[in-house]
Every structure is written in C-alpha cells, then in structure tokens.
Amino acid sequence: MNDIKLALLGSQGAGKSAVLVRFLTRRFIGEYASNANSLYHKRLSIDGRQLNLEVFDPCSQSSEARCILEEPVDWADGFVVVYNISDRTSFINAKNILLQIRESRTENCKGEMDIPICLVGNKQDLCHARQVREDEARCLAQENRCHFQEVSAAESYQDISGLFTQLIRQVMEHLKYRADRRRYSGSKSMAKLINNVFGKRRKSV
Ligand SMILES: Nc1nc2c(ncn2[C@@H]2O[C@H](COP(=O)(O)OP(=O)(O)OP(=O)(O)O)[C@@H](O)[C@H]2O)c(=O)[nH]1
C-alpha cells in the first residue's frame, strides 16, 4: 500500500479546509475551526491501487505552518497551494509559497524531478468580486511548472475531486521515479565496489 502525504498551504481564509473537506466528504461545511493544525487520513483507491492518504491542513497562524516552509519541505510528497480569486493578497501569498517550495526543493533535491504542486484558485462562485484573472494565475502555474485549477468549494465537488486525483497520480509517479533513482544509484555504487575489489584482483593474477 502506498503512503501519500500532501500539504495544503495558503492565506488565512482562502478556503483550504473547505477545499479539503469537500474532497474528503463531498460536502461543503460553511465554517471550520481554524485555530488548530489538522492531519487528515483517508484510504483511497486510484487506478486500482490502494493508498493511504495523509493531508496536513495547517492553521495559517501557527508556527508549524510557518515551519513547514522554513524547514526543508521534506514531509510532504505534494502540495496544494490555495488562494481566493476575490483576494489579491492571497494570490501574492500563493506566489511566495510557490517560490519558497521551489527554493527549498532545489537546495535539497538537486537534479530531481519537480515536486508535484497544484495551484488552486478557490471561491470561483465569487467571480463578480474577482481580483485575480484566470490567465495570470495560469501563467504563474506555468512558470512554476505546476498544475492550475479554479474551483468553488462551496458549489462543486467534481473539479476538486479531479485536481486531487491528478495530483495523487503525479505524486505516485514522482515517488516511483525517486525509488528507481535510489535503486539505480545503489546498484551503480555496488557495481563500482565489485569492480574495485575484483577488478584489482584480476589485474594482479
Ligand atoms: N463563497 C465561498 N466561500 C468559501 C468557499 N470556500 C470557503 N469559503 C468560506 O471562506 C471562509 C474560510 O474558509 P476556510 O476553509 O476556513 O479557510 P482556510 O484557508 O482553511 O482558513 P484558515 O484555517 O484560517 O487558514 C469560510 O467562511 C468558508 O465558508 C467558496 O468556494 N466560496
């Protein structure tokens, strides 16, 4: 069984909990306790594979939420970065979060494939009060080589379900790539070791 760890990041009130609860329960609950970090667990089956999904939904105010970006972004296998389309500040914050994830990953995982991220513009139902154009968010996602989707946690389940499923598929590919890479470099060093030992012996015969 695969373990998949995702983290939701974004400004306070962008709708992180609403998006996640919509995905996990198919329901929209108007208000969420926002003074605590939450770790959600769910068993899923995607493409016939059983998965243990863990999702970290930090309280935006907490020190852990800041820590997850200050420390190397090691815990999560993938990220959902949420902003509110009717709040420009939340978009600017999402931009900074993407930058911090990239910087942290580039420092720690040189030469690795990009970590899977989905940029999510939530509250699409508030488009009469839109402050972030869809094309500029799409551009930001392209610059950061991540997926982008506008959704409304209040109104729709399908888009949210689709984006999580796509992200989880990407994470599975990413984990497989990392495991193959480890195996390959492991067998390369083993080959080197064997060569060093037996290669030298052969010379002296
Ligand atoms: N109109 C509308 N309101 C939404 C939507 N999603 C969330 N909200 C509302 O936005 C407010 C904040 O939602 P939360 O899910 O608590 O936001 P959060 O990002 O988890 O906030 P913190 O836990 O404080 O970091 C709540 O009042 C939600 O009901 C949406 O798609 N449309």
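User: Hi! What percentage of the 205 residues of the protein count as buried?
Analyst: Hello! In this predicted model, 33% of the 205 residues count as buried.

User: Thanks. How many helices and strands are there in the protein?
Analyst: The protein has five helices and six strands. Along the sequence they follow the pattern β-α-β-β-α-β-α-β-α-β-α.

User: In what order do the six strands sit in the sheet?
Analyst: They form an open sheet in the order S2-S3-S1-S4-S5-S6, and the pairing is mixed. At the edges are S2 (38-46) and S6 (147-150), each of which pairs on one side only. On average, neighbouring strands of this sheet are turned by 20° against each other, direction ignored.

User: Let's zoom in on S1. Is the pairing of S1 with S3 parallel or antiparallel?
Analyst: Parallel: S1 (residues 2-10) and S3 (residues 49-57) pair over six bridges. Leu-6 has Val-55 as its bridge partner in S3, while Lys-5 stands opposite Glu-54 in S3.

User: And how many bridges link S1 and S4?
Analyst: Five, again in the parallel sense, with S4 covering residues 78-84. Here Leu-8 stands opposite Val-80 in S4.

User: Switching to helices: which strands does H1 lie across?
Analyst: H1 (residues 16-25) lies across S1, S2, S3, S4 and S5 (117-122), and runs at about 160° to S3.

User: What about H4, which strands does that helix touch?
Analyst: H4 (residues 134-143) packs on the sheet and touches S5 and S6, with its direction at about 160° to that of S6.

User: Last one: among contacts between residues at least 6 apart in sequence, what share join residues at least 24 apart?
Analyst: That share is 73% in this protein.

Methods: Residues numbered from 1 in each chain as written. Predicted model: local features only at pLDDT ≥ 70, side-chain atom pairs only at ≥ 80, totals over all residues. Helix = DSSP H or I, 4+ residues; strand = E, 2+ residues; numbered from the N terminus. Buried ≥ 20, exposed ≤ 12 C-beta atoms within 10 Å, placed from the backbone. Contact = placed C-beta atoms within 7 Å. Pairing = 2+ DSSP bridges. Axes fitted to C-alpha atoms, helices over the stretch in contact; angles between N-to-C directions.
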